[in-house]
Amino acid sequence: MNILCIGAGYVGGSTMAVMAQKCPEHRFTVVDVNAARIAAWQSDTLPIYEPGLPEIVREIRGKNLFFSTDVDRGVAEAEIIFVSVNTPTKTFGQGAGRAADLQYWEKTARQIVQNSAGPKIVVEKSTLPVRTAEAMERILNSNERGIHFDVVANPEFLAEGSAVADMQSPDRVLVGGHDTPSGRRAVQAIVDLYAHWVPRERILTTNLWSAELSKLAANAFLAQRVSSINAVSAICEKTEADVTEVARAIGLDSRIGPRFLQAGIGFGGSCFKKDILNLVYLCEQHGLPEVAEYWRQVVVMNERQEARFVSNMLAAMFNTAAGKRIALFGAAFKAHTSDTRESPALAVCRKLLEERACVALCDPHALENARMDLGADAARVVFEPDPYRAAAGAHAVAVLTEWPCFAELDYRRIYADMYKPAFLFDGRNLLDHKALHEIGFNVYPLGKPPLLHE
Ligand code: NAD
Ligand code: UGA
């Protein structure tokens, strides 16, 4: 079969690479309107940093995995089309700031109709509001040539930084479709692809709307856990409780479980906030204001966490950061990715710039994306890949992304080159706080008592 994926982003690129490796008898093409992105997928430097991905792409590119900008031709030749274009939050008009912006999505649907001569299965890979498939089906099946399209929802649950491993060994794969003869055939075709490597009992089939809603609900639950532990971290700081100890104590309850209980400066990434706001908007649309408000608080709590971290920094540094050099360790929204979309590290950076601090930003893989995301603010930031140089002459170091390399630095050397008193704010509880205190730092972990020198 010819299988096409429209959208060569984090999801399209990674999922198709793994699927193509696991299904060598099929031919996979990933297309995108962004020519630079396609050129990067065809080069030795892929457009995204994802452990394990370059090896797979190198192995199968040109064999059964192809990248192209020719969307029309790709559509014409394909029997199955995955659509994994971006679905950002709408910035204008009705629902601005909450609803999903479906313009790229609808454009894709129309492009599929225009370039199809026969029936196809169209797979929703992007995260979409519930019942988007209904609109998709109407656009696709309103063609005057009598071509029938089946729409299947196959939301993606991979996380960045572990995309390859998540795809190779998913907790579950979800395929939603209509309970009609052709709907069931379409679902089966997608199930058969995954069955090449995923045990059958981990492939769930549901109706279309459950599949669409499950994706939004899964992200809302995950983000809610992060906001819950961050809310606990705020109480810890007022009471001398230790959030790591509390997280361990509650996580050992098998009903709660230990994962996703790491307090930090807040959740980031392109999806959590966008998908919760999308859910909030859906609830409002369906006349459920209390349900909408319930989920909105997850985002409110997250914004509060970023702001609280900066307030704590200021309070510790004698209520002023103006003119002080502050080294920020981390720009990516989490470790093992170059992605800075909605990164809480950049939110902290912007707030410190408002305070007129001199910010030196350090990250092993995300500085280029950070520069782009910061826009005009980038002119006021020193981008420094070397953490020792970033911290030299600084009043404070703040750890904002949990990159393991930041835990392996020589903090004696860093301390020696800093202004005194030297402050260390560990927004991810990554470092050995006691050892840092012994070196001489005033250490402010997150959600635990600070370790200070008089
Ligand atoms: P992305 O922005 O990295 O990639 C989307 C790509 O689609 C872009 O390269 C863009 O140029 C391309 N595109 C847009 N319109 C197009 C068109 N008409 N024709 C061809 N190409 C077009 O986005 P992403 O992070 O890969 O996310 C894609 C979808 O998957 C989103 O709905 C997101 O919510 C969802 N998702 C993302 C993740 C993640 O970890 N990033 C995980 C699960 C689900
Ligand atoms: C998340 C989900 O985990 C994926 O299942 C989903 O497919 C994806 O969103 C999506 O729809 O885009 P991702 O955003 O890549 O994946 O990363 P996560 O590992 O979920 O982390 C999200 C944010 O929460 C990061 O900023 C991370 O630092 C933060 N986080 C996570 C914490 O602060 N504490 C934790 O314990 C866990």
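Biologist: Contact means heavy atoms within 4.5 Å, I take it. What do H11 residues meet in H12?

Modeller: From H11, Lys273, Ile276, Leu277, Leu279, Val280, Cys283 and Glu284 meet Val291, Ala292, Trp295, Arg296, Val298, Val299 and Glu303 of H12. The model is predicted: local features need pLDDT of at least 70, side-chain atom pairs count only at pLDDT 80 or more, and totals for chains, interfaces and linings use all residues. Residues are numbered from 1 along each chain as its sequence is written, chains are lettered from A and ligands numbered from 1 in the order in which they are written, and side-chain values use heavy atoms, with hydrogens and water left out.

Biologist: At what angle do H11 and H12 pack?

Modeller: About 155 degrees, and the axes are 8 Å apart. Axes are lines fitted to C-alpha atoms, for helices over the stretch in contact, and angles run from 0 to 180 degrees between N-to-C directions. H11 and H12 are therefore roughly antiparallel. The classes are under 35 degrees for roughly parallel, over 145 for roughly antiparallel, 65 to 115 for roughly perpendicular, and oblique for the rest.

Biologist: Is the crossing of H11 and H12 left-handed or right-handed?

Modeller: Left-handed for H11 and H12. In a left-handed crossing the near helix is turned anticlockwise from the far one by less than a right angle, and in a right-handed one clockwise.

Biologist: Where do the helix numbers come from?

Modeller: Helices (H or I, at least four residues) and strands (E, at least two) are DSSP runs, numbered from the N terminus. H11 is residues 272-285, and H12 is 289-316.

Biologist: How do H9 and H11 cross?

Modeller: The axes of H9 (residues 208-239) and H11 come within 9 Å and cross at roughly 120 degrees. H9 and H11 are therefore oblique to each other, and their crossing is left-handed. H9 brings Leu213, Lys215, Leu216, Asn219, Ala220, Leu222 and Ala223 to the contact, while H11 brings Phe272, Asp275, Ile276, Asn278, Leu279 and Leu282. By class, the contact of H9 with H11 has nine nonpolar, two polar and two charged residues.

Biologist: Different topic. What lines the second largest pocket?

Modeller: The lining of that pocket has 25 residues, and Leu102, Pro129, Val130, Thr132 and Leu282 lie nearest its centre. Its residues divide into 18 nonpolar, five polar and two charged. The volume is about 530 Å³.

Biologist: Which helix supplies the largest share of that pocket's lining?

Modeller: H11, with six residues. H5 (103-114), H6 (132-141), H11 and H12 each give at least two.

Biologist: How do pockets and cavities get defined?

Modeller: On a 1 Å grid over the protein atoms alone, a cavity is a set of points where a 1.4 Å probe fits but cannot get out; a pocket is an open set with protein on both sides within 12 Å along at least five of seven lines, and lining residues have an atom within 4 Å of a point. Grid points are joined across faces, edges and corners, and a volume is the space filled by probe spheres set on the points.

Biologist: How many cavities of 30 Å³ or more does the structure hold?

Modeller: Two. The largest cavity has about 50 Å³ and is lined by Glu124, Ser126, Thr127, Leu128, Ala153, Pro155, Glu212 and Lys215. The second largest cavity has about 40 Å³, with Ser43, Asp44, Leu46, Pro54, Val57, Arg58 and Arg61 around it.

Biologist: Back to H5 and H6. At what angle do they pack?

Modeller: About 30 degrees, with axes 9 Å apart, and H5 and H6 are therefore roughly parallel. H5 passes H6 in a right-handed crossing. The contact uses Trp105, Glu106, Ala109, Arg110, Ile112 and Val113 of H5 and Thr132, Met136, Ile139 and Leu140 of H6.

Biologist: Last one, backbone. Which residues does a cis peptide bond join?

Modeller: Lys420 and Pro421, with omega about -5 degrees. Pro421 is in the loop between H17 (411-416) and E13 (423-426). Arg131 has a positive phi, near 80 degrees, and is in the loop between E5 (120-124) and H6. Most residues other than glycine have a negative phi, and most peptide bonds are trans.

Note on methods: Nonpolar A, V, L, I, M, F, W, Y, C, P; charged D, E, K, R; others polar.
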